[in-house]
Amino acid sequence: MIENPIISDRHPIRIQEPRVIGECAGCYGEIVEGESIIEFLDGSMIHYDRYCALAFCLEAGKEKTAGWDD
């Protein structure tokens with residue numbers, strides 16, 4: 001019996017889910033294989049995206065007033 005290649009799970013053009021590499025430390029979304037990222041020395045990663053960079057900085061940093069000692 002010949003299988004219909006359009007519905008066969010062995011078809012070579014079958015769409016595959018991207019492999020999850022890790023979690024973004026900015027938006028906490030999945031980072032998948034092939035995405036542009038920024039990787040830090042401690043191994044954490046963020047998407048190469050302004051929103052994720054801002055969210056990461058605001059979460060990881062501490063707000064201070066320039067020139068004032070705490």
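Predicted model: local features only at pLDDT ≥ 70, side-chain atom pairs only at ≥ 80, totals over all residues.
Biologist: Is Gly26 buried or exposed?

Modeller: Gly26 sits in the loop between E1 and E2. Buried means under 20% relative accessible area, exposed over 50%, and partly exposed in between (1.4 Å probe, protein chains only). With a relative accessible area of 10%, Gly26 is therefore buried.

Biologist: How far apart in space are Gly26 and Ile46, C-alpha to C-alpha?

Modeller: In sequence, 20 residues separate Gly26 and Ile46. Their C-alpha to C-alpha distance is 5.8 Å.

Biologist: Which residues make up the largest nonpolar core?

Modeller: A nonpolar core is a set of buried Ala, Val, Leu, Ile, Met, Phe, Trp, Tyr and Cys residues joined through side-chain atoms within 4.5 Å. The largest one has seven residues: Cys24, Ala25, Ile31, Met45, Ile46, Cys52 and Phe56.

Biologist: Which elements each supply at least two residues of this core?

Modeller: Helices (H or I, at least four residues) and strands (E, at least two) are DSSP runs, numbered from the N terminus. At least two core residues each come from strand E4 (45-47) and helix H1 (50-60).

Biologist: Why is the pair of Phe40 and Phe56 described as stacked?

Modeller: Rings of Phe, Tyr and Trp (its six-membered ring) pair if their centres lie within 6.5 Å; planes under 30 degrees apart count as stacked, over 60 as edge-to-face and the rest as tilted. The structure holds one such aromatic pair. The centres of the Phe40 and Phe56 rings are 4.8 Å apart, and the pair is stacked because the angle between their planes is 20°.

Biologist: Which residue of the pair is buried?

Modeller: Phe40, in the loop between strand E3 (37-39) and E4, lies 16 residues from its partner in helix H1. Phe40 has 29% relative accessibility and so counts as partly exposed. At a relative accessible area of 18%, the buried residue is Phe56.

Key. Residues numbered from 1 in each chain as written. Heavy atoms only, no water.
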